[in-house]
Amino acid sequence: MQNDPPFIPPPSKGGVQYRLYFLAGDGHISHAHEFHAPDDATAIRIAEGWREGQAIELWSPDRKVKAWP
């Protein structure tokens, strides 16, 4: 698995912090990436660039934005 992130635009004023959790086969978090995005839709597109077919969850900061099985 490649851990290099896709291009992420630099945070702008008012950007929202997100954390993308990568889940292992047993459902536990294997690792995470933190990034900023202007809104949920942009954060979801960024997260999908990292997914590589594995289960992930996108959070901001205590709110689950989306989960991919």
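**Reading aromatic pairs**

By the pairing rule for rings, the count in this predicted model comes to two aromatic pairs.

User: How is a pair of aromatic rings described?

Analyst: Such a pair is described by the distance between the ring centres and the angle between the ring planes. In this structure, the rings of Tyr18 and Phe35 have centres 5.7 Å apart and planes at 20°. Planes under 30 degrees apart count as stacked, so the pair of Tyr18 and Phe35 is stacked.

User: Which parts does the pair of Tyr18 and Phe35 tie together?

Analyst: Tyr18 belongs to strand 1 (residues 16–23) and Phe35 to strand 2 (residues 29–37), so their pair ties together parts that are 17 residues apart in sequence.

User: Are Tyr18 and Phe35 buried or exposed?

Analyst: Buried means under 20% relative accessible area. Tyr18 has a value of 1% and is buried; Phe35, with 4%, is buried as well.

User: What aromatic pair do Phe35 and Trp50 form?

Analyst: Phe35 and Trp50 form a tilted pair, with 5.3 Å from centre to centre and 55° between the planes. Phe35 lies in strand 2 and Trp50 in helix 1 (residues 40–51), so this pair ties together parts that are 15 residues apart in sequence.

User: Is Trp50 buried or exposed?

Analyst: Trp50 has a relative accessibility of 4% and therefore counts as buried.

User: Which residues form one aromatic cluster?

Analyst: One aromatic cluster is formed by Tyr18, Phe35 and Trp50.

Methods: Residues numbered from 1 in each chain as written. Predicted model: local features only at pLDDT ≥ 70, side-chain atom pairs only at ≥ 80, totals over all residues. Heavy atoms only, no water. Phe/Tyr/Trp six-rings, centres within 6.5 Å; stacked < 30°, edge-to-face > 60°. Helix = DSSP H or I, 4+ residues; strand = E, 2+ residues; numbered from the N terminus. Buried < 20%, exposed > 50% of the residue type's maximum accessible area, 1.4 Å probe, protein only.
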